[in-house]
Amino acid sequence: MGIYNCGPFLQEALDSLYAQTFQDFEIILCEDGSSDNTFEIAQENANNHPNIKLLRNERNLGLNATLNNCLAVAQGKYIARMDGDDISLPTRFQTEVDFLDTHPEYQIVTTPMKYFDNGGIFREGKGGREPKLTDFPKSSPFCHAPCMVRKEAYDEVEGYTVADNLLREEDYHLWIKMYAKGFRGYTLKEPLYMMRDDRNAAKRRSFKARKNEAYVKHLACKMLHLPFYYHIYCLKPIILGIMPTWLYHFLYKLK
């Protein structure tokens with residue numbers, strides 16, 4: 001868990017891990033130069049829970065490098081992700097562990113997410129499938145925060161790539177690297193993760209973030225050896241950025 005300025009929500013996120021029905025795990029927190037009380041809350045929890053490892057970056061490095069710092073000290077054969085302001089439902093870990101234990105052909109497992117804000121849950125994702133290679137240029141094929149991945153797959157691709165043109169797209173690029181190595185993943189049908197989200201956040205994404213997404217879509221086509229016409233999907237993030245707000249919200253609700 002990379003943690004950055006998530007002080008108001010971090011305790012709730014950690015409490016959801018303490019409530020997991022599967023309890024054989026370590027919690028690795030890496031604080032990434034927060035300006036609020038995130039580190040102090042993490043430190044208090046580390047003092048009270050022996051399975052917590054707390055790391056701290058000297059300055060803000062971004063999620064890519066922060067997660068690599070976590071991976072460097074991780075000892076488990078499975079690596080679960082989580083964000084510091086979200087909630088894992090109680091059976092998340094047990095369900096994902098059981099899946100990987102019984103499906104050796106898969107290296108990645110994740111679940112759909114329930115998106116919520118102060119007004120409650122406003123959207124729920126869908127799952128129950130294995131993405132095809134041709135899905136990759138369309139959008140990131142797996143939800144990142146609720147994923148669980150075999151450590152060997154992370155090691156094979158050397159973790160997250162740290163590059164300015166991959167910021168906010170670190171997970172998308174990770175899945176492309178793993179599939180290029182022949183690894184596979186599956187999204188379970190049941191949502192087991194609650195993502196704290198702003199209904200308007202996607203519309204406010206910067207042009208740089210949208211350019212990065214377009215670049216990663218290009219990498220998906222190239223690294224997975226897809227026909228050239230799949231590059232048409234590289235235009236999608238740019239089009240969404242210039243789309244009228246009312247139309248964007250209408251399409252977002254259709255998801």
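Modeller: In helix H3, the residues Asn 64, Ala 65, Thr 66, Leu 67, Asn 68, Cys 70 and Leu 71 are buried (under 20% relative accessible area, with exposed meaning over 50% and partly exposed in between, for a 1.4 Å probe and protein chains only). This is a predicted model, in which local features need pLDDT of at least 70 and side-chain atom pairs count only at pLDDT 80 or more, while totals for chains, interfaces and linings use all residues. Residues are numbered from 1 along each chain as its sequence is written, and side-chain values use heavy atoms, with hydrogens and water left out.

The cover over the buried residues of H3 includes strands S1 (2-3), S2, S3 (52-56) and S4, together with helices H5 (151-156) and H6; helices (H or I, at least four residues) and strands (E, at least two) are DSSP runs numbered from the N terminus.

A pocket here is an open set of points on a 1 Å grid over the protein atoms alone, where a 1.4 Å probe fits and protein lies on both sides within 12 Å along at least five of seven lines, and lining residues have an atom within 4 Å of a point. The space in this second largest pocket is about 540 Å³, a volume being that filled by probe spheres set on the points, which are joined across faces, edges and corners. Of its 25 lining residues, Phe 25, Glu 26, Tyr 78, Ile 79 and Ala 80 lie nearest the centre. By class, 19 residues of the lining are nonpolar, two polar and four charged, where Ala, Val, Leu, Ile, Met, Phe, Trp, Tyr, Cys and Pro count as nonpolar, Asp, Glu, Lys and Arg as charged, and the others, Gly among them, as polar.

H6, one of the elements covering H3, spans residues 170-180 and packs against helix H7 (residues 207-223) at about 5°, their axes lying 10 Å apart; axes are lines fitted to C-alpha atoms over the stretch in contact, and angles run from 0 to 180 degrees between N-to-C directions. H6 is therefore roughly parallel to H7, a term for angles under 35 degrees.

Key:
Parallel < 35°, antiparallel > 145°, perpendicular 65-115°, else oblique. Contact = heavy atoms within 4.5 Å.
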